[in-house]
Amino acid sequence: MLHPAIGRARSGSEGGSRPQVLWVKGLTCGSCTASLLDSPQHEVADIFFKMMSLEFHPGLMAAEGDQAMNNLFSMAGEHKGGYFLVLEGAIPMAAGGRYALAGELDGKGYTAGDLVLELAPRAAAVLAVGTCAAYGGIMAAQGSPAQVVGLGDFLQAAKIRVPLVNIPGCAPRPDW
């Protein structure tokens, strides 16, 4: 059985609209995005234009800087409780999270952890895409100066209660 918030967000796609997706990156090699783009089941255009509405992805959108970050926060505000937050990559804890700077708005830098703290509580659900996002992956190897964690541990430490879907794999296949 689906969590009610996931069901509400998903129901929009069955009625003709597509679920809103905000995809942020932590410490990652980028293979999760590459795997999605190389989907053997669906054309990339179908994924982005028929199956979901990918509103933010730092590696795939044309916008950058303030324009991109304004769009991210605007979409999160407009679709509160009705979007899916996707994290690709692990979240660093050392150095204030600065091992994974995710964007800048009006001169303020945002780390991957900052974005998760801001966006996860308002999401219908969060998805940890890839082993690094789900569990820390190779980035969490003993001796890592970044002191990274997976999304579940990060949410638990921040006391954020939101449905979490782990999709491990290095890299996960799109059909998973």
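Leaving aside its neighbours within four places in sequence, which residues is H57 in contact with?

## Basis of the report

This is a predicted model, in which local features need pLDDT of at least 70, side-chain atom pairs count only at pLDDT 80 or more, and totals for chains, interfaces and linings use all residues. Residues are numbered from 1 along each chain as its sequence is written, and side-chain values use heavy atoms, with hydrogens and water left out.

## Surroundings of H57

With neighbours within four places in sequence set aside, H57 is in contact with W23, K25, T33 and E88; contact means heavy atoms within 4.5 Å. H57 lies in the loop between β2 (53–56) and α4 (65–78). Helices (H or I, at least four residues) and strands (E, at least two) are DSSP runs, numbered from the N terminus.

H57 counts as buried because its relative accessibility is 2%; buried means under 20% relative accessible area, exposed over 50%, and partly exposed in between (1.4 Å probe, protein chains only). The side chains of H57 and W23 make a polar contact (3.4 Å). A polar contact is a pair of N or O atoms within 3.5 Å; within protein, one must be able to donate a hydrogen and the other to accept it, and residues adjacent in sequence count only if both atoms are side-chain atoms.

## Helix α4

The buried residues of α4 are A68, M69, L72, F73, M75 and A76. Seen down the helix axis, these residues fall within an arc of 160°, so they line one face of α4; the arc is that of the directions from the axis to the C-beta atoms. Q67 and E78, on the other side of α4, are exposed. The cover over the buried residues of α4 includes β1, β2, β3, β5, β6 and α5.

## Nonpolar cores

A nonpolar core is a set of buried Ala, Val, Leu, Ile, Met, Phe, Trp, Tyr and Cys residues joined through side-chain atoms within 4.5 Å. The largest has 30 residues, of which L85, L115 and L119 touch the most other members. Its largest share, six residues, comes from α4. A second, separate core of 14 residues includes V21, W23, F84 and V129.

Apart from neighbours within four places in sequence, L115 is in contact with V24, M69, L72, F73, A102, Y110 and A120.

Strands β5 (residues 101–105) and β6 (residues 108–111) pair in the antiparallel sense over four bridges; two strands pair if DSSP finds at least two bridges between them. G103 has Y110 of β6 as its bridge partner. The hairpin has two residues between the strands, and D106 takes a positive phi near 50°.
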